[in-house]
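Trainee: I have a new model to look at, and I would like to learn how to read it. Could we go through it together?

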Amino acid sequence: MMVAWKVFKRRPSRIVGLVFLLFFVLMAVFGNLVYPHALNVNPNDIYAPPSWHHPLGTDYAGRDVWQQIVQGALNVLWVAALAACFTMAIGTLVGLAAGYLGRVVDTILMRITDLFLTIPSIALLLILAVSLGMSNMVVLALLLSFTSWGGLARAIRSMVLSLRERSFIEVSRGLGLGRWYVLFRDVLPNLMPFVWTHLMLAITGAIYGEVGLFFLGVVPFKADNWGVMLNFATGSSGAMYSTQSILFLAAPILAIVLVQTGIVLCVDAVNELVDPRLRVSH
């Protein structure tokens with residue numbers, strides 16, 4: 001814990017990023033307990049200004065905007081984190097297998113990877129989302145990872161090709177250790193700093209993908225999500241054309257910007273934490 005704090009306090013921007021990120025994580029986990037306000041429709045309270053009862057005012061149906069941000073945080077962050085984990089698992093396994101096993105396995109896996117990198121991810125996401133008619137958040141996370149693992153797989157493969165020629169790998173082979181033992185005991189640990197850093201960045205991409213699908217309306221509106229808020233704020237509610245509704249439109253945009261900023265500012269610190277070699281000079 002002390003090492004982590006020293007790493008973060010080395011740069012003020014890291015502290016700022018950590019504050020932003022922790023704020024939204026705590027909001028997602030404990031928000032409904034701290035602010036248990038029901039999302040009830042109230043036609044008599046449409047686009048009410050900020051108040052003690054409604055910190056960010058209300059929307060076109062008289063529902064509390066802050067509570068929508070709170071409830072949306074849980075869905076957005078949970079799905080994005082799950083999608084990033086799936087991306088990390090798929091990309092790492094494909095890259096390891098292609099780089100270490102080589103030959104036919106490498107050729108087949110890289111052609112598949114090239115195919116996924118060639119197809120526009122947003123188009124593939126839209127087609128699959130519409131076809132599946134998803135309402136399950138785990139399936140949504142899998143879908144987001146399905147279109148985003150290719151870049152990681154190629155990067156992992158390149159690193160494995162370099163690592164397998166190192167002397168310590170040759171020594172392990174010379175000792176007669178099994179191929180899979182060497183792969184997971186000697187090769188994979190050397191890749192983990194890169195993988196953990198990529199995990200953080202994959203979360204940012206998953207947030208954009210998830211919010212974008214909800215914003216476009218191709219995912220059923222069965223869960224609170226910042227993308228749903230943006231959909232209604234820029235669509236049928238007419239929020240873009242009324243100064244009274246500015247917070248209903250700005251709140252989800254600001255939430256997305258702040259959580260993404262928090263993650264990006266923390267990436268450098270996470271990279272230093274998981275790779276002790278970066279701390280040698282400090």
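**A walk through the model**

Mentor: Let's start on the surface: Leu22, Val25, Leu26, Val29, Phe30 and Leu33 form a nonpolar patch there, with about 580 Å² of accessible area together. A patch is made of residues with over 30% relative accessible area and no salt bridge, where like charges are joined within 9 Å and nonpolar side chains (Val, Leu, Ile, Met, Phe, Trp, Tyr) within 5 Å. Accessible areas come from the Shrake-Rupley method with a 1.4 Å probe, and for residues only the protein chains shown count as cover. Before we go on, note that this is a predicted model, where local features need pLDDT of at least 70 and side-chain atom pairs count only at pLDDT 80 or more, while totals for chains, interfaces and linings use all residues. Residues are numbered from 1 along each chain as its sequence is written, and side-chain values use heavy atoms, with hydrogens and water left out.

Trainee: Is Leu33 buried or exposed?

Mentor: Buried means under 20% relative accessible area, exposed over 50%, and partly exposed in between (1.4 Å probe, protein chains only). Leu33 lies in helix H2, residues 12-34. Its relative accessible area is 68%, so Leu33 is exposed.

Trainee: How many helices and strands are there in the protein?

Mentor: Helices (H or I, at least four residues) and strands (E, at least two) are DSSP runs, numbered from the N terminus. From the N terminus on, the elements run α-α-α-α-α-α-α-α-α-α-α. The count is 11 helices and 0 strands.

Trainee: How far apart are the end C-alpha atoms of helix H11?

Mentor: The expected span of a helix is 1.5 Å times one less than its number of residues. H11 has 29 residues (246-274), so it should span 42 Å, and the separation of its end C-alpha atoms agrees: 42 Å.

Trainee: Where does H11 bend?

Mentor: The bend at a residue is the angle between axes fitted to the seven residues ending there and the seven starting there. In H11 this angle is about 35°, and the place is Val267.

Trainee: What separates the C-alpha atoms of Ile253 and Trp226, in Å?

Mentor: Ile253 belongs to helix H11, and at 42% relative accessibility Ile253 counts as partly exposed. Ile253 and Trp226 are 27 residues apart along the chain, and their C-alpha atoms are separated by 8.0 Å.

Trainee: Which residue forms a salt bridge with Arg11?

Mentor: A salt bridge is a side-chain nitrogen of Lys or Arg within 4 Å of a carboxyl oxygen of Asp or Glu, and the structure holds 6 of them. For Arg11, the closest N and O atoms are 2.5 Å apart, and the partner is Asp268. Arg11 lies in the loop between helix H1 (2-9) and H2, and Asp268 in helix H11, so the pair ties together parts that are 257 residues apart in sequence. The name to remember is Asp268.

Trainee: Is Arg14 buried or exposed?

Mentor: Arg14 also forms a salt bridge with Asp268, the closest N and O atoms being 2.5 Å apart. That pair links distant parts of the chain, Arg14 in helix H2 and Asp268 in helix H11, 254 residues apart. The relative accessible area of Arg14 is 2%, so Arg14 is buried.
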